[in-house]
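Let's go through the charged pairs and the surface of this chain.

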Amino acid sequence: MSARPLQAAILALSTIAAAVLLAACGGGGDDEVAPAAQVDDSARSLKLPPGTPVNADAHVRGQFGPVQPWPVIPVHAVLTADGRVLSYGTDGSGRQTAIFQYAVWDSLDNSHTTFSNGTGTDVFCSSQILLPAGDKVFIAGGDNWTGTGTTNTGNNNSNLFDTAGSTLTRQANMNRARWYSTSTMLLNGEIYIQGGTGGTDRPEIRAADGSFRLLSGANTGGLDFMYPRNFVAPDGRVFGFDSAGRMY
């Protein structure tokens, strides 16, 4: 990745007070974005508000900027290829549900834009990953909203966030409901989805065309459902461990 998205990531982490939640609710690996999705590195740069003292060792250790307001509690945050940050997790009052809205932060002018979630999917505690072309974010599953509250149970919805229009669009359903799943990019650009309440027994694959196939020969029923930590090996196999420490 180029320096600009990396700088934007530093800014994002320095301004999101709930950054610790990102580790708990983040899945998948760090995937390189196609060069076509990049823009000029000079478009955004690391900036602190005027008058902010810079530590002498900031270039080595990094430095947090001042805490800034955020329109939702960003339980999930995704750095897009254009240097913005998609975030979601609650409504504007901090209530646990992402069925109503999501937000996009632009480091260029430090602006926040809130969008209505019209997909019908509560994407709270879903798993998300940037697709290989860099122009869309894939979101797997999430919670269920009853009309008055959440149920902490999985749904089998999938959605795509399109960076060009900042739109969230419902896609094909997965084979399993998944709440707290992990999505991992494979070497061929397909997405390996494992775990989540309702989908503990079998993982599945999202193909490049958006269709899903269940891995009927892979039994993950003995592993914990909660955000398995998965990594792709150089030979294409997946190594991981669950929240109980079991490796596979």
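Q: How many salt bridges does the structure hold?
A: The model is predicted: local features need pLDDT of at least 70, side-chain atom pairs count only at pLDDT 80 or more, and totals for chains, interfaces and linings use all residues. Residues are numbered from 1 along each chain as its sequence is written, and side-chain values use heavy atoms, with hydrogens and water left out. A salt bridge is a side-chain nitrogen of Lys or Arg within 4 Å of a carboxyl oxygen of Asp or Glu. The number of salt bridges in the structure is 10.

Q: Lys 136 forms a salt bridge with Asp 162; how far apart in sequence are the parts that the pair ties together?
A: The closest N and O atoms of Lys 136 and Asp 162 are 3.3 Å apart. Strands are DSSP runs of E, at least two residues, numbered from the N terminus. Lys 136 lies in strand 6 (residues 136-140) and Asp 162 in strand 7 (residues 158-162), so the parts tied together are apart in sequence by 26 residues.

Q: Which residues are linked with Lys 136 in a network of salt bridges?
A: Lys 136 pairs with Asp 162. The network of salt bridges links Lys 136 with Asp 162 and Asp 135.

Q: Is Asp 242 buried or exposed?
A: Buried means under 20% relative accessible area, exposed over 50%, partly exposed in between (1.4 Å probe, protein chains only). Asp 242 forms a salt bridge with Arg 246, with the closest N and O atoms 2.8 Å apart. Arg 246 has 40% relative accessibility, so Arg 246 counts as partly exposed. Asp 242 has a relative accessible area of 2%, so Asp 242 is buried.

Q: What is the relative accessible area of Arg 237?
A: Arg 237 meets Asp 235 in a salt bridge, 2.9 Å from N to O. Asp 235 is partly exposed because its relative accessibility is 49%. Arg 237 is exposed, with a relative accessible area of 60%.

Q: Which residues make the nonpolar surface patch of about 410 Å²?
A: Patches are made of residues with over 30% relative accessible area and no salt bridge; like charges are joined within 9 Å, nonpolar side chains (Val, Leu, Ile, Met, Phe, Trp, Tyr) within 5 Å. Areas come from the Shrake-Rupley method with a 1.4 Å probe; for residues, only the protein chains shown count as cover. Met 247, in the segment after strand 14 (238-241), counts as exposed because its relative accessibility is 62%. The patch is made by Met 247, Phe 231, Phe 239 and Phe 241.

Technical notes: Helices (H or I, at least four residues) and strands (E, at least two) are DSSP runs, numbered from the N terminus.
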